[in-house]
Amino acid sequence: MSILRVENLTKTYASAGHALTVLHAVSFDLAAGDTFAIVGPSGSGKTTLLGLCAGLDRATSGSVWLSGIRLDALSEDQRAAVRNQHVGFIFQNFQLLPTLTALENVLVPLELRGQRGASHTALALLDRVGLADRAHHYPAQLSGGEQQRVSLARAFANRPAVLFADEPTGNLDPDTSERVVNLLFELNREAGTTLVLVTHDLELAALTQRTLRLRGGKVVEGQTTNAPSTLSHE
Ligand SMILES: Nc1ncnc2c1ncn2[C@@H]1O[C@H](COP(=O)(O)OP(=O)(O)O)[C@@H](O)[C@H]1O
Ligand SMILES: [Mg+2]
């Protein structure tokens with residue numbers, strides 16, 4: 001069954017009196033558990049495409065089905081509800097809430113859903129990403145890699161059907177990146193989550209099963225099938 005289906009997705013911005021089309025009829029279809037990379041130079045439309053897939057923004061034309069729900073037919077509030085129910089997000093700049101501790105950040109999506117035993121779940125997730133001893137630290141008291149591991153814990157808290165990651169290692173040094181990437185793929189595998197990863201790092205993209213290349217908002221050369229996702233030396 002398809003978990004994320006994108007059909008002829010086009011996005012046009014009205015900019016300084018003229019129309020600027022930044023995505024041109026993009027289509028793809030992912031099954032549960034697939035790992036997918038979107039690559040392309042800066043400005044090629046990767047973040048725009050991710051935002052449309054996650055229901056953060058609306059396409060000009062075309063359709064997105066997420067977990068069988070057609071997003072373009074929904075209101076803003078309905079899309080927010082779908083996001084909380086089905087989607088996890090990781091950003092390049094972490095986007096933790098600065099006034100909340102690590103634990104409280106991970107609790108946010110759980111509490112939005114009124115989940116029982118939320119503290120226990122959040123602490124277990126922080127432990128899973130190696131940050132049990134940082135639960136009461138604020139984002140400013142954490143390194144970049146630690147902040148991204150907190151955001152991984154937050155993203156997986158609701159056991160999302162699809163995890164979207166936009167340049168998740170873009171602000172990290174190589175060693176820290178490797179740790180975050182390994183955790184990302186491990187958690188993804190454990191939870192059976194579909195992973196949609198935006199990156200300009202081709203080594204990172206090669207860890208996914210398929211790659212979509214964008215240039216100027218257009219798909220360049222169909223979908224590439226990569227080697228099976230093996231991260232560590234298993
Ligand atoms: N809100 C907006 N209004 C007008 N143009 C935008 C807006 N958001 C993005 N763009 C343009 O869309 C293009 C694709 O942007 P983006 O999706 O952020 O690319 P990428 O993530 O690949 O770097 C860029 O040319 C960008 O300037
Ligand atoms: Mg981007």
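What follows is a friendly conversation about a predicted model.

Student: Let's begin with the ligand. Which element gives the most to the shell around ligand 1?
Tutor: Since this is a predicted model, we read the shell from computed positions. Strand S1 (2-15), strand S2 (18-31) and helix H1 (46-53) each supply at least two residues of that shell. The residues around ligand 1 include Tyr13, Leu20, Lys46, Thr47 and Thr48. With three residues, the element that gives the most to the shell is H1.

Student: How many residues in the shell around ligand 1 are polar?
Tutor: Among the residues around ligand 1 are Ser15, Gly40, Ser42, Gly43, Ser44 and Gly45. The shell has three nonpolar residues and one charged residue, and the number of polar ones is eight.

Student: Is H1 mostly covered or mostly open, and which of its residues are buried?
Tutor: To count as buried, a residue needs 20 or more other C-beta atoms within 10 Å of its own. Six of the eight residues in H1 are buried, and H1 is mostly covered. The buried residues are Lys46, Thr48, Leu49, Leu50, Leu52 and Cys53.

Student: Which residue with a positive phi follows H1?
Tutor: Helix H1 covers residues 46-53. The residue that follows has a phi near 75 degrees, and its name is Gly55.

Student: Where is Ala25, and what is its phi?
Tutor: Most residues other than glycine have a negative phi. Ala25 is found in strand S2 and counts as partly exposed, with 14 C-beta neighbours inside 10 Å. Its phi is positive, near 45 degrees.

Student: What about Ser67: where does it lie, and what is its phi?
Tutor: Ser67 sits in the loop between strand S4 (61-66) and strand S5 (69-70). Ser67 has 18 C-beta neighbours inside 10 Å and therefore counts as partly exposed. Though not a glycine, Ser67 has a positive phi of about 50 degrees.

Student: How are H5 and H6 arranged relative to each other?
Tutor: Two packed helices are described by the angle between their axes and the distance between the axes. The axes of helix H5 (residues 144-156) and helix H6 (residues 174-191) come within 10 Å and cross at roughly 10 degrees. Angles under 35 degrees count as roughly parallel. H5 and H6 are therefore roughly parallel to each other.

Student: How many nonpolar residues does the contact of H5 with H6 have?
Tutor: On the H5 side, the residues that meet H6 include Gln148, Arg149, Leu152 and Phe156. On the H6 side, they include Arg179, Val180, Leu183, Leu184 and Leu187. The contact has four polar and two charged residues, while the number of nonpolar ones is seven.

Student: Which residues does Phe164 touch?
Tutor: Phe164 is one of the residues that touch the most other members of the largest nonpolar core. Leaving out residues up to four places away in sequence, Phe164 touches Leu50, Cys53, Ala54, Val87, Phe89 and Val196.

Student: Is Ile90 buried or exposed?
Tutor: Ile90 lies in strand S6 (residues 87-90). Setting aside neighbours within four places in sequence, its contacts are Ser151, Leu152, Ala155, Ala165 and Pro168. Because Ile90 has 24 C-beta neighbours inside 10 Å, it counts as buried.

Student: How far apart in space are Pro160 and Phe89?
Tutor: Pro160 is in the loop between H5 and strand S7 (162-166) and is buried, with 22 C-beta neighbours inside 10 Å. Pro160 and Phe89 are 71 residues apart in sequence, and their C-alpha to C-alpha distance is 9.3 Å.

Student: How far apart in space are Ala135 and Thr194?
Tutor: Ala135 has its place in the loop between helix H4 (118-128) and H5. Ala135 is partly exposed, with 18 other C-beta atoms within 10 Å. Ala135 and Thr194 are 59 residues apart in sequence, and from C-alpha to C-alpha they are separated by 27 Å.

Terms used:
Residues are numbered from 1 along each chain as its sequence is written. Chains are lettered from A and ligands numbered from 1 in the order in which they are written. This is a predicted model: local features need pLDDT of at least 70, side-chain atom pairs count only at pLDDT 80 or more; totals for chains, interfaces and linings use all residues. A residue is near a molecule or strand if its C-beta atom, placed from the backbone, lies within 6 Å of it. Helices (H or I, at least four residues) and strands (E, at least two) are DSSP runs, numbered from the N terminus. Ala, Val, Leu, Ile, Met, Phe, Trp, Tyr, Cys and Pro count as nonpolar, Asp, Glu, Lys and Arg as charged, and the others, Gly among them, as polar. Axes are lines fitted to C-alpha atoms, for helices over the stretch in contact, and angles run from 0 to 180 degrees between N-to-C directions. Angles under 35 degrees count as roughly parallel, over 145 as roughly antiparallel, 65 to 115 as roughly perpendicular and the rest as oblique. Two residues are in contact if their C-beta atoms, placed from the backbone, lie within 7 Å. A residue is buried if 20 or more other C-beta atoms lie within 10 Å of its own, exposed if 12 or fewer, and partly exposed in between; C-beta atoms are placed from the backbone. A nonpolar core is a set of buried Ala, Val, Leu, Ile, Met, Phe, Trp, Tyr and Cys residues joined through C-beta atoms within 7 Å.
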